[in-house]
Amino acid sequence: MTEQLTINFNGVPAYDITYNTSFDNLGSFLSGFNADDKKCLIVADSKVASLYLDAILRVMEPCCKYVTAFVFPEGEKSKNLDVVREIYKKLIEEKFDRHDFIAALGGGVTGDMSGFTAATFLRGIDFIQIPTSLLADVDSSIGGKTGVDFDAYKNMVGAFHMPKLVYINRETISTLDREQFYSGMGEVVKSALLADGEFFDWLEDNSGNINALDMEYVAEMIYKCNIIKKNVVEKDPTEKGERALLNLGHTLGHALEKYMNFKMLHGQCVSAGCVMAAYLSLKKGLIDEESLGRIIKLFGKFGLPSVPVDIDVDEIVAYTKNDKKAIGKSIKFILLRRIGEAFITLDVSDDDMRDALRYYIDNQTKWI
């Protein structure tokens, strides 16, 4: 398997994803980036900083003109404009200019927020992604979508800003707790569902090896997800059309995430949202009962989450109206024609979504 994957933008190579088993090779990539003449701000949350910041500093300090760090409290609640303001302040006080760059060290929250900061500081400076979670490895670090939450509305403020490098150290997955690992697996199964039925079959066959963190299988899984995302974002880099397919499971998933006040992880909510989307695909005569059963079973192998039985279904549906996927009174929803083929539709009503939520609530004890 290749140790590097190039992502193109408008047909031109934009950045590489590089696959590693430590942080040791990061220095060689930074030298190709002329980092010795640049300042770098490493952005990390408190948990990731406690695990990896010292190691990253040891690698980066000899390679850059100057390196400093900004550490923020762990969690989705930090992904907001107030924290971005503090990063701006740090950059200004440390006299960063357009020649310098940000390194996002961590998961999806860090990558999204760092990328947004880089996109907007001085009208745009460079940044690199150093993902440390499975979710970031397979999804959020790739494609150039950046953003922050606004008044708890998920990713409502953002920009497209391509990284200069995505440096994946697969060994960081071994430090994830099981809940964080399963959050990443929500995006993995989503990727297979929307674009690659053979990959879905492979996940079914190899779920035991993946759950055991056999790195041979984990490495192949990450690469397969990256290929899927590469193929989608290269065709539609700024989400004018086909890229919306990557939002499979996200319409109700994001609404559930907000309703739960971000006490459920993003990938957990995506898993639940994908099951609901699959159920609606069955109800609309697009997939069969066997396919729905396979989807539920595979998510179940990777920690399909339970939700409180007393959740307010109407409130969750109301939250979908404030999602960035809303178009007037309609909402862009992703359904399945089959396992491995998703499509975009506006033909999902509020009653459909209520039905899907109630189906999940009523049947979750059979799956979890």
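Predicted model: local features only at pLDDT ≥ 70, side-chain atom pairs only at ≥ 80, totals over all residues.
Residues are numbered from 1 along each chain as its sequence is written, and side-chain values use heavy atoms, with hydrogens and water left out.

**View A. The second largest pocket holds about 230 Å³ of space.** A pocket is an open set of points on a 1 Å grid over the protein atoms alone, with protein on both sides within 12 Å along at least five of seven lines; lining residues have an atom within 4 Å of a point. The volume is the space filled by probe spheres set on the points, which are joined across faces, edges and corners. Of the 15 lining residues, Ala195, Asp196, Ile227, Ile228 and Asn231 are the closest to the centre of the pocket. H8 contributes eight residues, the largest share of the lining. By class, the pocket lining comprises nine nonpolar, one polar and five charged residues (Ala, Val, Leu, Ile, Met, Phe, Trp, Tyr, Cys and Pro count as nonpolar, Asp, Glu, Lys and Arg as charged, the others, Gly among them, as polar).

**View B. Helices H7 (residues 197-211) and H8 (residues 215-235) pack with their axes 10 Å apart.** Helices (H or I, at least four residues) and strands (E, at least two) are DSSP runs, numbered from the N terminus. The angle between H7 and H8 is about 150 degrees (0 to 180 degrees between N-to-C directions, with axes fitted to C-alpha atoms, for helices over the stretch in contact). The two helices are therefore roughly antiparallel (angles over 145 degrees; under 35 is roughly parallel, 65 to 115 roughly perpendicular, the rest oblique). From H7, the residues Phe199, Trp202, Leu203, Asn206, Asn209 and Ile210 meet Tyr217, Val218, Glu220, Met221, Lys224, Cys225 and Ile228 of H8 (heavy atoms within 4.5 Å). This contact of H7 with H8 consists of nine nonpolar, two polar and two charged residues.

View C. In a cavity, a 1.4 Å probe fits but cannot get out. Three cavities of 30 Å³ or more are found in a search of the whole structure. The second largest cavity is lined by Ile7, Asn8, Phe9, Ala14, Tyr15, Gly143, Met162, Val233, Pro237 and Arg243. Strands S1 (4-9) and S2 (12-20) each provide at least two of the lining residues, and S1 gives the largest share, three residues. Seven nonpolar, two polar and one charged residues make up this lining.

**View D. The axes of helices H9 (residues 250-259) and H10 (residues 266-283) come within 7 Å.** Their crossing is at roughly 135 degrees, and H9 and H10 are therefore oblique to each other. On the H9 side, His250, Leu252, Gly253, His254, Leu256 and Glu257 meet His266, Cys269, Val270, Ala272, Gly273 and Met276 in H10. The contact of H9 with H10 includes six nonpolar, five polar and one charged residues.

**View E. Helices H10 and H11 (residues 289-301) pack with their axes 9 Å apart.** The angle between H10 and H11 is about 175 degrees, which makes H10 roughly antiparallel to H11. Ser271, Cys274, Val275, Ala278, Tyr279 and Leu282 of H10 meet Glu289, Leu292, Ile295, Ile296 and Phe299 of H11. Nine nonpolar residues, one polar and one charged form the contact of H10 with H11.
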